Protein chains: 2
Amino acid sequence: MMLTVTLNTAVDLTYRVPALTPHASHRVTDVRERPGGKGVNVARVLAALGHDVTVTGFAGGDTGLSLRAHLAAEPRITDALTPAATATRRTLAVVDASTGDTTQFNEPGPDITPAEWAVFLDSYEDLVRAPGTTAVALCGSLPPGVPVGAYALLVRVARAAGVPVLLDTSGEPLRRGVAARPDVVKPNADELAVLTGSQDPERATRDARRRGAHAVVASLGADGLLARTPDGTWQARPPAPVRGNPTGAGDSAVAGLLSALAEGLPWPERLVRAVALSAATVAAPVAGEFDPSTYEALLTRVTVTTKAPTG
Amino acid sequence: MMLTVTLNTAVDLTYRVPALTPHASHRVTDVRERPGGKGVNVARVLAALGHDVTVTGFAGGDTGLSLRAHLAAEPRITDALTPAATATRRTLAVVDASTGDTTQFNEPGPDITPAEWAVFLDSYEDLVRAPGTTAVALCGSLPPGVPVGAYALLVRVARAAGVPVLLDTSGEPLRRGVAARPDVVKPNADELAVLTGSQDPERATRDARRRGAHAVVASLGADGLLARTPDGTWQARPPAPVRGNPTGAGDSAVAGLLSALAEGLPWPERLVRAVALSAATVAAPVAGEFDPSTYEALLTRVTVTTKAPTG
C-alpha cells in the first residue's frame with residue numbers, strides 16, 4: 001500500500017464557455033467536477049495502474065464531502081482524510097471553446113487549526129507505520145494554518161519508520177522539507193531555480209542534493225527528467241516531443257517514481273516509468289488522465305542516458 | 001407567511017482576484033458564498049424586513065446541501081425545497097480588484113426529472129393552500145427538465161387557492177405565465193420588450209396587461225417603476241439617481257411589491273416600498289444586500305406620479 005499526502009486537497013471544476021470575454025456574463029455550457037490536489041492526482045494514477053493507495057490530508061465543508069464522495073467512487077483508493085472545520089478549496093479552469101485556452105482560478109484553501117494539524121499528525125504516523133506501507137508521497141501546497149515546516153516533520157516521521165518518502169512541493173515548504181533529507185524530491189525547473197538560485201539543471205540538482213535530498217529528479221518539460229541520485233545521474237527522455245495538455249504530467253511522473261520506488265526498482269527503470277506515464281498524460285484527451293496504451297507503448301521507447309558521476 | 005418559488009436555486013460564489021487576465025492562472029484572494037436564485041434573494045430581503053417567508057423550489061447534490069445549510073442559518077426563513085438528484089447550480093462572479101469590474105459565469109442548473117417535478121407540484125399545492133399563506137412570488141429561470149409552461153401552472157394553482165401571485169421571469173416562461181393571468185408581473189425593460197415587441201414602456205405595459213397580467217410593474221433602472229394596474233397607472237421614482245451596484249435591485253423591488261401585496265396596501269404605497277428597497281439595494285456596499293437606514297429614509301422621499309388612465 002502506497003500513501004499520498006495532500007494537505008491542500010481540492011475539488012477541481014472545469015467550466016466550458018463559448019468564448020471568454022472579461023466583464024461579460026457567460027452561460028457555462030459544460031461543468032465537470034473531480035477530486036483534486038497533487039497527491040490525490042498521484043493516487044488516481046496509481047489506482048489506474050492497479051495499485052492500492054491510501055489518500056490522506058484534510059477535507060472539510062460541503063466541498064470536502066463532495067471530494068470524499070468522488071474518492072469513494074474510485075476503485076483501489078482508501079480515504080484516510082482528516083476532517084477540517086473549514087471548507088476544502090475549489091480550483092476552477094475556464095476553457096474558452098473558441099480558442100481552447102484555459103483561464104485558471106485557485107482558491108486559497110482552508111484555515112487548518114492547530115488541533116486539526118495535531119489530529120492529522122497522529123493519523124499520519126499511524127498510516128506511515130502500518131506494516132503494509134511501502135512508500136509515501138508528500139504533494140503540493142500548504143493550506144493556511146499548517147506550519148511552513150510541515151513537510152520537514154512529515155519527512156522525518158517517514159524516515160524514522162524506514163519508509164521511502166518523495167517530496168513534491170515548492171517555495172519555502174520545499175526548502176525546509178529538503179533539509180529533512182527526503183529520499184526523493186521532484187521539482188520542476190522553476191521550483192528548482194527558486195530553491196537553488198540556479199537556472200542550470202545540472203548545477204541546481206547538485207545543489208539540491210547538497211541541501212539534503214538523497215535523490216533529485218527534475219522535471220524539464222519536453223526534455224524529460226534529470227535524476228541525480230546516490231547511484232548515478234541520468235537523463236530520461238520521451239522518444240519524440242509529445243503534443244497535448246501538460247496538466248497533471250508532473251503528478252503522473254510522481255506516480256511512476258513512487259510505484260517504482262516502492263517496488264525497489266533500479267533508477268533507470270524508475271525514470272522510464274515516470275517519463276512514459278508523464279508523456280502518456282500529456283497525450284491524453286482529458287487533462288490529468290493518461291492513456292494506458294500510449295503508456296505501454298512508451299515504456300519500451302523512453303531513452304535513458306548516463307550523465308557525469310554524481311557531484 | 002409569504003412563499004417564494006425558485007425552481008433554479010443557486011449557490012452564488014464571488015471570487016476576488018487582483019486583476020483578471022484571460023488565459024492566466026489567478027490566485028483568488030477572497031471567496032464569498034451565499035444562497036442564490038431570484039426567489040431566494042427575495043426571501044432574504046423579506047426576512048431582513050422582519051417577515052416570515054417560506055422558500056421552495058429544488059435543491060440537490062453537495063451544492064444543494066450547502067444552499068440548505070446557508071438557509072438554515074437565516075432567521076425567519078423556512079426551507080421547503082424539494083430534493084433533486086442532480087446538483088444545484090453555482091453562479092460565479094469574478095471581481096477584478098484593479099478595476100472593480102465583474103465577470104459572471106452561470107452554470108445551467110440541474111436536470112429535473114418528471115418524478116421530481118410531480119413531487120414539487122404536490123408540495124407547492126400544499127404550501128399555497130396552507131391557511132397562513134398570504135402571497136406567492138414565482139422567480140427566475142427554469143432549470144433543464146422543468147416544462148416551459150411551469151409558471152402558467154403555478155399561477156393557476158395560486159389563483160385557484162385565492163392567493164395573490166407575482167411572476168418575475170423572462171422569455172417563453174414569462175410569455176406562457178402571463179397568459180395564466182397572474183396578479184402582478186415585474187419585467188425589466190428588456191424582458192418587457194422581448195415579451196411585447198415594443199421598446200416603449202407605456203405601450204409595452206399596456207400590451208402585457210392585454211396578454212393576461214392583471215397588473216404590470218416594469219422596472220426601468222434609474223427611472224424607477226412604471227405600474228399599469230386595474231386601479232390606475234403610476235410612475236414611482238427615487239428622489240435622485242442612486243449610485244452603486246444594481247445587482248439584486250430587481251429582487252428587492254419584488255420583495256417590496258410582494259410584502260405590500262400581502263398586506264393589501266394600495267398601489268402607490270406598494271410602489272414606494274418597492275422603489276425605496278430597490279434604491280437602498282443599489283446604494284448598499286455588498287451586492288444584493290440593502291441598507292435599512294437608507295431604506296427608511298427613502299420611504300418618505302420616493303415620488304409617485306399618476307399617469308394616463310389604464311388602457
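Axes here are lines fitted to C-alpha atoms, for helices over the stretch in contact, and angles run from 0 to 180 degrees between N-to-C directions. Helices (H or I, at least four residues) and strands (E, at least two) are DSSP runs, numbered from the N terminus. The model is a predicted one, in which local features need pLDDT of at least 70 and side-chain atom pairs count only at pLDDT 80 or more, while totals for chains, interfaces and linings use all residues. Residues are numbered from 1 along each chain as its sequence is written, and chains are lettered from A and ligands numbered from 1 in the order in which they are written.

Helix α6 (residues 189–196) of chain B and helix α7 (residues 201–210) of chain B have axes that come within 9 Å and cross at roughly 60°. The pair is therefore oblique, given that angles under 35 degrees count as roughly parallel, over 145 as roughly antiparallel, 65 to 115 as roughly perpendicular and the rest as oblique. The crossing of α6(B) past α7(B) is left-handed; a crossing has this hand if the near helix is turned anticlockwise from the far one by less than a right angle, and is right-handed if clockwise. On the α6(B) side, Ala189(B), Leu192(B), Ala193(B), Leu195(B) and Thr196(B) take part, and they meet Pro201(B), Ala204(B), Thr205(B), Asp207(B) and Ala208(B) of α7(B). Two residues are in contact if their C-beta atoms, placed from the backbone, lie within 7 Å. By class, the residues of this contact are seven nonpolar, two polar and one charged, where Ala, Val, Leu, Ile, Met, Phe, Trp, Tyr, Cys and Pro count as nonpolar, Asp, Glu, Lys and Arg as charged, and the others, Gly among them, as polar.

Helix α3 (residues 114–129) of chain A packs with helix α4 (residues 150–160) of chain A at an angle of about 30°, the axes being 9 Å apart. Here α3(A) passes α4(A) in a right-handed crossing. Tyr124(A), Glu125(A) and Val128(A) of α3(A) meet Leu154(A), Val157(A) and Ala158(A) of α4(A), a contact with five nonpolar, no polar and one charged residues.

Burial can be followed along two further helices of chain A. A residue is buried if 20 or more other C-beta atoms lie within 10 Å of its own, exposed if 12 or fewer, and partly exposed in between. In helix α1 (residues 38–48) of chain A, 10 of the 11 residues are buried, so this helix is largely enclosed by the rest of the structure. Just after α1(A), Gly50(A) takes a positive phi of about 100°.

Arg181(A) has a phi near 70° and sits in the loop between α5 (171–179) and β12 (184–185) of chain A. In chain B, Arg181(B) has a positive phi of about 65°.

Between the chains, 23 residues of chain B are in contact with 23 residues of chain A. On the chain B side, β2 (10–17), β3 (25–27), α2 (61–72) and β9 (102–106) each supply at least two residues, and the largest share, five residues, comes from β9(B).
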